[in-house]
Amino acid sequence: MSVPVMIMRGGTSKGAYFLASDLPSATGERDDLLLRIMGSPDPRQIDGIGGAHPLTSKVAVINRSATPDADVDYLFLQVQVDHPRVSAEQPCGNILAGVGPFAVERGLVSASGDTARVRVRMLNTGALATVHVPVRDGRPVYAGGTAISGVPGTAARLLVEFRDTAGSVTGSLLPTGTLVDDLGGVPATLIDNGMPVVVVSAKDLGVTGYETPAQLEADSTLRRRVEELRLTAGAVMGLGDVTASTVPKMCLISPPTRGGSLSTRMFIPHRVHTQIGVLAAVTVGTAAAMTDPALGGEIRIEHPTGFTDVVIDLDAGTSAVVSTARLLLEGRVHPREGAVHG
């Protein structure tokens, strides 16, 4: 048995992209197959095509949409590296960047002119996005001069535009109805524009916000305080007891130091991200624009290893992230046989 697959880099992640029709329709059978394709559970994923890291053990399942407001439906699946688990709990904005080129490559969307607008329904949340794909002669263009942090070299600029992401998990852009809430004496913005995030000033937690992820993770007092605030925020955001949940994320902000709009450190929620997730960046950028309207338009969010550019239009209710993607391999994958064991 073999399965058609495209391996693509989307943003700062890498994943296996499949047509839904090439995978089993039953969730259990599909997940079992994907575990065997990716080589999980195994910390090296030596017997599969996974890259032995959460950022390279991702899957996109795509099909032509039956709804008039989308061209394709996209389901994101996180395949755990060392556990026999496939999760559809939340979307991935990085892998989303590759969905546009994939749809053009597979003929799900016809392309003319110099840009293909691929309308994507993210099945994990029901939200809509449009991936603006540069094309030439009906095929995606991958070479270009746009650099994004975390990816060597440059590639063609993709714009991933989000619509109707407000309240994707909590039901409201500002779940509490206010821009700034008091979390036990700490001012915070509780916001959900694709990803529930709690935005707090680093100085209010006794740090500069310029520490490395390792330094922040080594500060046990800070980590306990951040988790206390997260649990409180989760309750008031209507998420209930979030002890075992990955949301909300916690974002510590501080003034920029490298020409950007603001500097960030993201707890996701217990480790500190070396960058910032796409939907988290959109949400933090929206919070920044709402707090300081002068920041509207293109906002550069600094993070520990570089920057992420987002485009926020509060009046139009749209937000976008600047990204790139590249087709790495097209072929057929041969999954290992036998049952998956934990």
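Student: How many charged residues are in the lining of the largest pocket?
Tutor: First, this is a predicted model: local features need pLDDT of at least 70, side-chain atom pairs count only at pLDDT 80 or more, and totals for chains, interfaces and linings use all residues. Residues are numbered from 1 along each chain as its sequence is written, and side-chain values use heavy atoms, with hydrogens and water left out. Now sort the lining by class: Ala, Val, Leu, Ile, Met, Phe, Trp, Tyr, Cys and Pro count as nonpolar, Asp, Glu, Lys and Arg as charged, and the others, Gly among them, as polar. That gives 16 nonpolar, 15 polar and, for the charged class, seven.

Student: What volume does the largest pocket have?
Tutor: On a 1 Å grid over the protein atoms alone, a pocket is an open set of points where a 1.4 Å probe fits, with protein on both sides within 12 Å along at least five of seven lines; lining residues have an atom within 4 Å of a point. Grid points are joined across faces, edges and corners, and a volume is the space filled by probe spheres set on the points. For the largest pocket, that space is about 1100 Å³.

Student: Which element supplies the largest share of its lining?
Tutor: Helices (H or I, at least four residues) and strands (E, at least two) are DSSP runs, numbered from the N terminus. β4 (72-79), α2 (93-105) and α5 (278-291) each supply at least two residues of the lining of the largest pocket. The largest share, three residues, comes from α5.

Student: Which element gives the most to the lining of the second largest pocket?
Tutor: This pocket has a volume of about 440 Å³. Its lining takes at least two residues from each of β11 (186-192), β12 (196-201), β13 (249-254) and α5. With four residues, the one that gives the most is α5.

Student: Is Glu 302 buried or exposed?
Tutor: Buried means under 20% relative accessible area, exposed over 50%, partly exposed in between (1.4 Å probe, protein chains only). Arg 258, which forms a salt bridge with Glu 302 at 3.9 Å, is partly exposed at 47%. Glu 302 has 1% relative accessibility, so Glu 302 counts as buried.

Student: How many disulfides does a search of the whole structure find?
Tutor: A disulfide is a pair of cysteine sulfur atoms within 2.5 Å. For Cys 92, the nearest cysteine sulfur, that of Cys 251, is 18 Å away. The search of the whole structure therefore gives, by that cut-off, a count of zero.

Note on methods:
A salt bridge is a side-chain nitrogen of Lys or Arg within 4 Å of a carboxyl oxygen of Asp or Glu.
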